[in-house]
Amino acid sequence: MNIILQYFSDFTPLQLQQLTALDAVYREWNEKINVISRKDIDSLYEKHVLHSLSIAAAVDLPAGTQVLDLGTGGGFPGIPLAIFFPEVQFHLVDSIGKKIKVVEAVKDALELKNVTTAHTRAEEIKNRRFDVVVSRAVAPLGDLWRWSKPLLKKAESKKQKAESTGEEEAASGLICLKGGDLAQEISESGCHPTLLDIYELFPLDYFKEKYVVLVTR
């Protein structure tokens with residue numbers, strides 16, 4: 001937890017309780033279903049929680065924003081973001097059932113009311129639209145954008161809603177966490193993303209050459 005508190009300080013007692021509980025809950029479930037590598041479980045807060053929260057450091061998600069975590073795995077980045085943004089709704093999906101089982105257990109243990117889950121693939125999600133899709137190292141950027149586009153709300157309708165209600169317009173697009181030399185992947189994707197260097201946010205060796213990648217329409 002100390003590494004989180006080096007960079008974030010404005011937590012409520014409930015958020016601190018939920019963040020602190022992550023360690024024991026993930027250790028317990030990782031013994032049953034391996035969703036975090038054995039060597040990484042001791043670095044849970046740096047390599048998984050803080051990494052996930054780099055999205056929170058880069059982008060503000062207004063209350064009421066609808067977020068899809070695509071290929072959530074063990075619940076990253078969705079679970080830490082759901083703790084950080086309690087007024088934002090998160091839908092965590094993965095095509096592997098045992099991973100969603102762990103995510104559901106973590107959600108229940110932390111009593112996260114703003115999280116729903118589904119054992120499904122992006123292509124199978126029907127009749128739902130989201131403001132933002134988040135993802136961590138699931139697939140090449142081109143594939144992530146192709147899967148995300150049909151699931152994102154139309155920008156025009158979001159702008160009209162914000163104007164009619166006087167509320168802040170929700171964030172929009174695909175936000176993914178990626179690492180390494182992304183030049184070829186970006187070129188092949190046909191996207192024109194904005195890249196934020198996570199090492200500039202959290203100057204730790206683990207975050208060298210790791211980025212928050214934002215794609216908007």
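Student: Before we start, what should I know about the numbering and the model?
Tutor: Residues are numbered from 1 along each chain as its sequence is written, and side-chain values use heavy atoms, leaving out hydrogens and water. The model is predicted, so local features need pLDDT of at least 70 and side-chain atom pairs count only at pLDDT 80 or more, while totals for chains, interfaces and linings use all residues.

Student: Okay, how many salt bridges does a search of the whole structure find?
Tutor: Side chains of opposite charge can pair when their charged atoms come close. Here a salt bridge is a side-chain nitrogen of Lys or Arg within 4 Å of a carboxyl oxygen of Asp or Glu. Searching the whole structure with that rule gives a count of 10.

Student: How far apart along helix H2 are Asp23 and Arg27?
Tutor: These two form a salt bridge, with their closest N and O atoms 3.1 Å apart. Helices (H or I, at least four residues) and strands (E, at least two) are DSSP runs, numbered from the N terminus. Helix H2 covers residues 13-32, and because Asp23 and Arg27 are separated by about one helical turn, their spacing is 4 residues.

Student: Is Asp42 buried or exposed?
Tutor: Buried means under 20% relative accessible area, exposed over 50%, and partly exposed in between (1.4 Å probe, protein chains only). Arg27 is partly exposed at 32%, and Asp23 is partly exposed at 23%. Asp42 has a relative accessible area of 60%, so Asp42 is exposed.

Student: Which peptide bond is cis?
Tutor: Most residues other than glycine have a negative phi, and most peptide bonds are trans. With omega near 10 degrees, the cis bond runs from Phe76 to Pro77.

Student: What is the phi of Asn127?
Tutor: Asn127 lies in the loop between E3 and E4, and Asn127 is exposed at 78% relative accessible area. Asn127 is not a glycine, yet its phi is positive, at about 60 degrees.

Student: And where does Glu209 lie?
Tutor: Glu209 also has a positive phi of about 60 degrees without being a glycine. At 53% relative accessibility, Glu209 counts as exposed. Its place is the loop between helix H9 (198-201) and E7.

Student: Last one: is Thr120 buried or exposed?
Tutor: Thr120 is found in the loop between strand E3 (115-119) and strand E4 (132-136). Leaving aside neighbours within four places in sequence, Thr120 is in contact (heavy atoms within 4.5 Å) with Val93, Asp94, Ser95 and Ile125. Its relative accessibility is 13%, so Thr120 counts as buried.
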